[in-house]
Amino acid sequence: MHRVALIPGDGIGPEVVEAARTVVDATGVAVDWFSCEAGAAAAGKDGDPLPEVVLDAIRSADAALKGPIGTPIGKGFTSVNVRLRRALDLYAALRPVRSLPGVASRYRNVDLVVVRENTEGLYSGIENMVVPGVVEGLKVFTERACLRIAEFAFDYAHAAGRRKVTAAHKATVMALTDGLFLNCAQQVARRFPQIDYEEMIIDNLCMEVVLDPSRFDVILLENLYGDIVSDLTAGLVGGLGVVPGANIGAELAVYEAVHGSAPDLAGKGVANPTAVILSAALMLERLGEAGAAHRIRSAIETVLGAGKVRTRDLGGSASTLEYVDALVGAIPAPLFGGAPSRPTGA
Ligand code: NAD
């Protein structure tokens, strides 16, 4: 029995997280789910959108599955997501970006992984007003964080049989900060001679990845670039509704989609739960349930590949619940030794 903290979150979060729970339960894997409130619901009760009790619950669980949590724009309000990642030191965001059958997009065979540093950079939250009309924000990098995210990317590439790591930077302009990031990536790259290593200026990388995503494998990025490139690459495979993610630390892991709370869709029952379901599949791999993860991916590929039941973002008309019903009906029976040969999570 795996103990999993379930954080529904805001907006479409409760709908898509519940969908993921239903699909995981349908695999027959024994999960003891326990819900924790963070985001608007928690703020309404305790005044704090991320109560300490939620952090403790995640610390005590085998893993956590989280829905998106909204952040007011320009209010100086610290993002709950940033707070959570920093409080639990979930320093690596892992986001496999893959084409899915039946999902119309510009490219057919995208298969790359975004590795984003999750705790530093411009997300340090250190901003101040020098004088009215002049403000500054600090981009903070430490050697420790740069080294460990590079190690994470190379370890992951090695374990997953990936061939190349591309480090993105703007060290031409930010010589100290992005320069340190690159220097650390180079140090780690030397320890992995079997994995190709290249560096690319972030603006050029954005163009190259849109022109030809097949030339990328693992992309290593600092926090802000990683945030942006995650959404950019999601756009290459059908959008935010289909890209999963994991926030990983030395001990703990919180699984969540790349997308946000999509307030425009909240409560309508039309959100695409695929991204959170694929995040749950990554979580199952970590819990030693690679076979169940494989069966969930297989169900998604079967249903989307058939093209009959799709949510609106993918050009269909199915509700979230109709799509989940189709997935549950398509989960193959368990097979002995049915685990995928190549891990996708970490
Ligand atoms: P968003 O990802 O919520 O939405 C962007 C677009 O993608 C919208 O058109 C939305 O309808 C669509 N979309 C997103 N998820 C979808 C899904 N599952 N199915 C179908 N369509 C989907 O980004 P945003 O609008 O920039 O942000 C909304 C809120 O979410 C903000 O408060 C932001 O701070 C928060 N956010 C949270 C997280 C997180 O919790 N990790 C991540 C990103 C944004």
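This passage describes the overall fold of the protein and then a helix and several individual residues.

The structure is a predicted model, in which local features need pLDDT of at least 70, side-chain atom pairs count only at pLDDT 80 or more, and totals for chains, interfaces and linings use all residues. Residues are numbered from 1 along each chain as its sequence is written, and side-chain values use heavy atoms, with hydrogens and water left out.

The protein contains 11 helices and 12 strands. These elements are DSSP runs numbered from the N terminus, with helices being H or I of at least four residues and strands being E of at least two. The radius of gyration is 20 Å, close to the 20 Å that the globule rule gives for 346 residues, so the protein is as compact as a globular protein of that length. Here the radius is taken over C-alpha atoms, and the rule is 2.2 Å times the number of residues to the power 0.38. The C-alpha trace spans about 55 × 50 × 35 Å along the principal axes.

Of the 346 residues, 53% count as buried. Buried means under 20% relative accessible area, exposed means over 50%, and partly exposed lies in between (1.4 Å probe, protein chains only). Among contacts with a separation of 6 or more, 74% join residues 24 or more positions apart. Contact means heavy atoms within 4.5 Å.

Charged side chains number 32 positive and 40 negative, and the centres of the two sets lie 4 Å apart. Lys and Arg count as positive and Asp and Glu as negative, while His and the chain ends are not counted. Each charge is placed at NZ of Lys, CZ of Arg, CG of Asp or CD of Glu.

Helix α1 covers residues 13-26. Its 14 residues should span 20 Å at 1.5 Å a residue, and the end C-alpha atoms are 20 Å apart, which agrees. The expected span is 1.5 Å times one less than the number of residues. The buried residues of α1 include Gly13, Glu15, Val16 and Val17. Ala19, Ala20, Val23 and Val24 are also buried. The buried residues of α1 pack against the strands β1 (2-7), β2 (31-35) and β3 (63-66), and against the helices α9 (274-286), α10 (290-306) and α11 (320-330). Glycine 28 follows α1 and has a positive phi, near 90 degrees.

Positive phi also occurs in residues other than glycine. Aspartate 89 has a phi of about 50 degrees. This aspartate 89 sits in the loop between α4 (80-87) and β4 (92-98). Aspartate 89 is partly exposed, at 28% relative accessible area. For alanine 262, phi is near 40 degrees. Alanine 262 belongs to the loop between β12 (253-255) and α9.

Phenylalanine 141 lies in the loop between β7 (134-137) and α5 (143-159). Phenylalanine 141 counts as buried, at 14% relative accessibility. Beyond neighbours within four places in sequence, its contacts include Glu120, Gly121, Thr177, Asp178 and Glu222. Cys146 is another of these contacts.

Cysteine 146 is found in α5. Cysteine 146 is buried, at 3% relative accessible area. Leaving aside neighbours within four places in sequence, cysteine 146 is in contact with Phe141, Leu180, Phe181 and Cys184.
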